[in-house]
Amino acid sequence: MPRALVLAVLAALALPVVACGGAEEPEGVPPFGSGLDVKALAGPVCPVETIPPDPACAPRPIAFAFVVVDAAGAEVARGETGASGETRLVATPPGTFTIRAASEGGPPTLKPVEVTVLEGAVTPITLDVDTGIR
């Protein structure tokens, strides 16, 4: 058998091994082919809201830790936004989940948010984190 053909066959056989976790996934690619693109915004940031709204008082990005749980309350994923208020992806299987704050108490606090992740898709979601400022 010619060497080029042997190498081609070996390369073809090796691809599924890499795709199934034989090597690290490329950065930003969830292992399920689906996931969440999370953005966390904190507000209010001013003690008094005005009409018209003051642009300086708009919600701001916040570093925030969260967990993704299924209907039974089992943790499916965990993530944390950076100072930009965003995460690239949190890998989750397809399904309907609830996002909660990673730690209870606060402020800041987060009311649980329900999200549906579709197979093969990355679902964008914004978390409205309450600063407690009133």
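## Close-up views of a predicted model

**View 1. Strands E1 and E8 run side by side.** E1 and E8 pair in the parallel sense over nine bridges. Strands pair here if DSSP finds at least two bridges between them. Helices (H or I, at least four residues) and strands (E, at least two) are DSSP runs, numbered from the N terminus. E8 itself has two faces: Thr123, Ile125, Leu127 and Val129 make up the covered one, while Val122, Pro124, Thr126, Asp128 and Asp130 make up the uncovered one.

**A note before the other views.** This is a predicted model, in which local features need pLDDT of at least 70 and side-chain atom pairs count only at pLDDT 80 or more, while totals for chains, interfaces and linings use all residues. Residues are numbered from 1 along each chain as its sequence is written, and side-chain values use heavy atoms, with hydrogens and water left out.

**View 2. The whole chain, for orientation.** The chain has one helix and eight strands, and from the N terminus on its elements run α-β-β-β-β-β-β-β-β. Of its 134 residues, 25% count as buried; buried means under 20% relative accessible area, exposed over 50%, and partly exposed in between (1.4 Å probe, protein chains only). The chain exposes about 8,600 Å², of which carbon and sulfur atoms supply 61%. These areas come from the Shrake-Rupley method with a 1.4 Å probe, and for residues only the protein chains shown count as cover. Among contacts with a separation of 6 or more, 55% are between residues 24 or more positions apart; contact means heavy atoms within 4.5 Å.

**View 3. Strand E6 has partners in E3 and E7.** E3 (residues 65-69) and E6 (residues 95-101) pair in the antiparallel sense over four bridges. Here you can find Val67 standing opposite Arg100 of E6. E6 also pairs in the antiparallel sense with E7 (residues 113-117), over five bridges. In that pairing, Gly95 has Val117 of E7 as its bridge partner.

**View 4. The largest nonpolar core and its residue Ile99.** In soluble globular proteins, nonpolar side chains tend to be buried together. The largest nonpolar core of this chain has 19 residues, and those with the most contacts inside it are Ile99 and Leu127. E1, E3, E6, E7 and E8 each supply at least two residues of this core, and the largest share, four residues, comes from E1. A nonpolar core is a set of buried Ala, Val, Leu, Ile, Met, Phe, Trp, Tyr and Cys residues joined through side-chain atoms within 4.5 Å. Leaving aside its neighbours within four places in sequence, Ile99 is in contact with a list of residues including Leu36, Phe66, Val68, Val115, Ile125 and Leu127.

View 5. Thr131 sits in the segment after E8 (122-130). A polar atom of its side chain lies 2.4 Å from the backbone oxygen of Pro44, and a polar atom of the Thr131 side chain lies 3.2 Å from the backbone nitrogen of Ile133. Beyond its neighbours within four places in sequence, Thr131 is in contact with Ala42, Gly43, Pro44 and Pro107. Pro44 belongs to the loop between E1 (35-43) and E2 (60-61), and a cis peptide bond, with omega about -10 degrees, joins Gly43 to Pro44.

**View 6. Thr87, a buried loop residue.** Thr87 is found in the loop between E4 (75-80) and E5 (90-91). With a relative accessible area of 9%, Thr87 counts as buried. Leaving aside its neighbours within four places in sequence, Thr87 is in contact with Asp37, Val38, Phe66, Glu80 and Thr81.

**View 7. A salt bridge between Arg78 and Glu75.** The count comes to one salt bridge, by the rule that a side-chain nitrogen of Lys or Arg lies within 4 Å of a carboxyl oxygen of Asp or Glu. Arg78 forms a salt bridge with Glu75, their closest N and O atoms being 2.9 Å apart. Arg78 is exposed, at 51% relative accessible area, and Glu75 is partly exposed, at 47%.

Notes:
A polar contact is a pair of N or O atoms within 3.5 Å; within protein, one must be able to donate a hydrogen and the other to accept it, and residues adjacent in sequence count only if both atoms are side-chain atoms.
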